[in-house]
Amino acid sequence: MTNAVRLTGLRKTYGSGESAVHALAGVSLSFASGGFTAVMGPSGSGKSTLLQCAAGLDRPDAGSVLLGGGPPVELTGLSEKRLTTLRRERIGFVFQSFNLLPTLTAEQNVSLPARLAGRRVSRKALRQALSEVGLDGRGGHRPHEMSGGQQQRVALARALVTRPAVLFADEPTGALDTETGAQVLRLLRGLVDGHGLTVIMVTHDPVAASYAHRVVYLADGRVAGEDHEPTPSRVAAALADLRPVAVAA
Ligand SMILES: Nc1ncnc2c1ncn2[C@@H]1O[C@H](COP(=O)(O)OP(=O)(O)OP(=O)(O)O)[C@@H](O)[C@H]1O
């Protein structure tokens, strides 16, 4: 099994001296190609920092980020220019906010990043990306003509049109109602199981995490455990164990 991403000894500290915060205090993790991993942990445990460093959006102070899904590339130490190119070509992102341009159609939104990078996206690739997310025939619609779930699907098609080695998702269902969120999560899981996509998703929601093959728990910038058979109740129980217990005054 090959790794889409391998993190080794990742460290990131904000501030210095007494006020230093060790957002990542030595994290080593591998993410297999074709796997769906949820990253969970209490607020401030380092989830976003991990995602940002793994995706080449932020630089760790120490450690290694090896990107697979093609010739392996070490992200740390790359120039900004090379990182930008690599992100465009081999990494996909979806966030809680859909970040679609309101004046553009779904198709135009999907093809925009590639066009900004000076590449054309074929109509076939566009149609296929929209079809994979269940938006056949909606390519001409603008964001305000679509539901929140449909808009997140457009954002997903935009992330997938370049066939990235890995898709990073930061609270992708955070702005959606429960049922719409479930549809997006089923879609993500289907793309992983059916198309070999690799997904690394940060979430606070045990139900969302249960759609993943594996849950990794962070606490205080370190890996605090894993679950390879996540269910909502197991994840909720594990999270409750991680949270600092309130001490009575
Ligand atoms: N730019 C920054 N400057 C200073 N401290 C930061 C910065 N970014 C993150 N931190 C600190 O690093 C720690 C980890 O933050 P991070 O956002 O990665 O946690 P998280 O698990 O994603 O939290 P949440 O669930 O609340 O989004 C926190 O203590 C946070 O306050």
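## Conventions

Helices (H or I, at least four residues) and strands (E, at least two) are DSSP runs, numbered from the N terminus. This is a predicted model, in which local features need pLDDT of at least 70 and side-chain atom pairs count only at pLDDT 80 or more, while totals for chains, interfaces and linings use all residues. Residue numbers start from 1 along each chain as its sequence is written.

## Antiparallel sheet

Strands of a sheet pair through backbone hydrogen bonds, either parallel or antiparallel. Here two strands are said to pair if DSSP finds at least two bridges between them.

The β4 and β5 strands form a hairpin with 5 residues between them, and Gly-69 in the turn has a positive phi of about 70°.

## Leu-29 in strand β2

Leu-29 belongs to strand β2. It counts as partly exposed because it has 19 C-beta neighbours inside 10 Å; a residue is buried if 20 or more other C-beta atoms lie within 10 Å of its own, exposed if 12 or fewer, and partly exposed in between, with C-beta atoms placed from the backbone.

Leaving aside neighbours within four places in sequence, Leu-29 is in contact with Leu-7, Val-216 and Val-223 (contact: C-beta atoms, placed from the backbone, within 7 Å). Leu-29 and Leu-7 are 22 residues apart in sequence, and their C-alpha atoms are 5.1 Å apart in space.

## Parallel pairing around β8

Strand β8 (residues 199–202) is covered on both faces: Val-199 and Met-201 are buried on one side, and Ile-200 and Val-202 are buried on the other. Strand β3 (residues 36–40) pairs with β8 in the parallel sense over 4 bridges, and Val-39 has Val-202 as its bridge partner in β8.

Strand β7 (residues 166–170) also pairs with β8 in the parallel sense, over 4 bridges. In that pairing Leu-167 stands opposite Val-199. Together β7, helix α6 (residues 178–195) and β8 make a right-handed β-α-β unit. A crossover is right-handed if, with the strands pointing away from the viewer, the path from the first strand over the helix to the second runs clockwise.

In helix α1 (residues 47–54), the buried residues are Lys-47, Thr-49, Leu-50, Cys-53 and Ala-54. They lie on the same side of α1, because they cover an arc of only 165° around the axis; the arc is that of the directions from the helix axis to the C-beta atoms. An α-helix has 3.6 residues a turn, so residues three or four places apart point the same way. Just after α1, Gly-56 takes a positive phi of about 75°.

The ligand is surrounded by Tyr-14, Gly-15, Val-21, Ala-23, Gly-41, Ser-43, Gly-44, Ser-45, Gly-46, Lys-47, Ser-48 and Thr-49 (each with its C-beta atom, placed from the backbone, within 6 Å of the ligand). The elements giving two or more residues to this shell are β2 (21–32) and α1, and the largest share, 3 residues, comes from α1. The shell divides into 3 nonpolar, 8 polar and 1 charged residues. Ala, Val, Leu, Ile, Met, Phe, Trp, Tyr, Cys and Pro count as nonpolar, Asp, Glu, Lys and Arg as charged, and the others, Gly among them, as polar.

Most residues other than glycine have a negative phi. Arg-163 is not a glycine, yet has a positive phi of about 55°. Arg-163 is found in the loop between α5 (148–160) and β7, and is partly exposed, with 13 other C-beta atoms within 10 Å.

Asp-220, also a residue other than glycine, has a positive phi near 50°. Asp-220 is in the loop between β9 (214–219) and β10 (222–227). With 17 C-beta neighbours inside 10 Å, Asp-220 counts as partly exposed.

Terms used. Two residues are in contact if their C-beta atoms, placed from the backbone, lie within 7 Å.
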